[in-house]
Amino acid sequence: LPLAAEMGNFQERLVDLYTRLNQEEPARLRARTELLLLVVCGLTAGAAISFSALWLFTRDIVRRLNKTADRARLIAVGQNVDPPEKVSDEIGELEQQIYDASIMVAETRQRESAILNGASHLICTLDSRLRISIVGDACLKLWGYTSDELQGRSILTIVDQVSLGTTRDGFEKLQSHQDSEMELEARVCLRDGS
């Protein structure tokens, strides 16, 4: 009898526990689902904010670096560069250095132009492929070509055919010994054919 009474009591407690679990389980499941949804939304929002901030930050840096590269290209083609904005970071320092270099290059080009155009002899500069990159105004008076006609043209195209081989060999020898000086004599075909 006492065992049957205790079994009945145990059975009531078991049914009560089962009923309570069935009632609490959907609430727990709902709470877990809401918590999981909240965590996923938080992570997604955090990632979106981080990527947006990263995009804005890198876009500004890339824009400034492109602007700096454009300034360097302008210097390379001989155009003037406007003063940079006063910004005290590494890119701002780079822009200031490029601006300072542009001033120095402009001054050097002015001095070079004065020397080239003021000389009574023809003075020119050749690149590594023997193309004329800079030539003084005396080329018109002495050779009959304008400086625009000669710029970018290989010096070998105006050398007389008789001295072409020795001239080419002389320039190759000079290129291989860049620290040395060399005297080279060549005949040039003038514009009028002489």
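**Pockets, salt bridges and a surface patch**

In this predicted model, helix 3 (138-143) and helix 5 (164-176) each supply at least two residues to the lining of the largest pocket. Helix 5 gives the most to that lining, with 3 residues. The space inside the largest pocket comes to about 380 Å³. In total, 16 residues line the largest pocket, and those nearest its centre are Trp143, Phe171, Leu184, Ala186 and Val188. What kinds of residue make up the lining of the largest pocket? Sorted by class, the lining holds 14 nonpolar residues, 1 polar residue and 1 charged residue.

The second largest pocket has a volume of about 160 Å³. Helix 2 (residues 90-118) provides the largest share of its lining, 7 residues. Among the residues that line the second largest pocket are Ile75, Gly78, Tyr99, Ile103 and Arg109. The lining of this second pocket divides into 6 nonpolar, 5 polar and 1 charged residues. Ile103 sits in helix 2 and is partly exposed, with a relative accessible area of 34%. How far apart are Ile103 and Ile75 in sequence and in space? They are 28 residues apart in sequence, and their C-alpha atoms are 9.2 Å apart in space. Both Ile103 and Ile75 belong to the lining of the second largest pocket.

Charged side chains come next. The count of salt bridges comes to 7, and three of these pairs are described here in turn. In one of them, Arg63 pairs with Asp60, and the closest N and O atoms are 2.8 Å apart. Where do Arg63 and Asp60 lie? Both are in helix 1, 3 residues apart, which is about one turn of the helix. Arg63 has a relative accessible area of 45%, so Arg63 counts as partly exposed. Asp60, at 32%, is also partly exposed.

Another salt bridge joins the side chains of Asp89 and Arg64, with an N to O distance of 2.6 Å. Asp89 lies in the loop between helix 1 and helix 2, while Arg64 lies in helix 1, so this pair ties together parts that are 25 residues apart in sequence. Is Arg64 buried or exposed? Arg64 counts as buried because its relative accessibility is 11%, and the cut-off for buried is under 20%. Asp89, with a relative accessible area of 23%, is partly exposed.

Arg191 lies in the segment after helix 5 and Glu149 in helix 4 (residues 147-150), so the pair ties together parts that are 42 residues apart in sequence. Arg191 is partly exposed, with a relative accessible area of 48%. Glu149 is partly exposed as well, with a relative accessible area of 32%.

The surface also has a nonpolar side to show. Which residues make the nonpolar surface patch of about 420 Å²? Leu35, Leu38, Val39 and Leu43 form this patch. Val39, one of these residues, is placed in helix 1 (residues 2-76). With a relative accessibility of 43%, Val39 counts as partly exposed.

Gly136 is found in the loop between strand 2 (132-135) and helix 3. The relative accessibility of Gly136 is 0%, so Gly136 counts as buried. Between Gly136 and Gln175 there are 39 residues of separation in sequence and 22 Å in space, C-alpha to C-alpha.

The other loop residue is Leu130, in the loop between strand 1 (124-126) and strand 2. As a rule, most residues other than glycine have a negative phi. Leu130 has a relative accessible area of 9% and is therefore buried.

Technical notes. Residues are numbered from 1 along each chain as its sequence is written. This is a predicted model: local features need pLDDT of at least 70, side-chain atom pairs count only at pLDDT 80 or more; totals for chains, interfaces and linings use all residues. Side-chain values use heavy atoms; hydrogens and water are left out. Patches are made of residues with over 30% relative accessible area and no salt bridge: like charges are joined within 9 Å, nonpolar side chains (Val, Leu, Ile, Met, Phe, Trp, Tyr) within 5 Å. Accessible areas come from the Shrake-Rupley method with a 1.4 Å probe; for residues, only the protein chains shown count as cover. A salt bridge is a side-chain nitrogen of Lys or Arg within 4 Å of a carboxyl oxygen of Asp or Glu. Helices (H or I, at least four residues) and strands (E, at least two) are DSSP runs, numbered from the N terminus. Buried means under 20% relative accessible area, exposed over 50%, partly exposed in between (1.4 Å probe, protein chains only). On a 1 Å grid over the protein atoms alone, a cavity is a set of points where a 1.4 Å probe fits but cannot get out, and a pocket is an open set with protein on both sides within 12 Å along at least five of seven lines; lining residues have an atom within 4 Å of a point. Grid points are joined across faces, edges and corners, and a volume is the space filled by probe spheres set on the points. Ala, Val, Leu, Ile, Met, Phe, Trp, Tyr, Cys and Pro count as nonpolar, Asp, Glu, Lys and Arg as charged, and the others, Gly among them, as polar.
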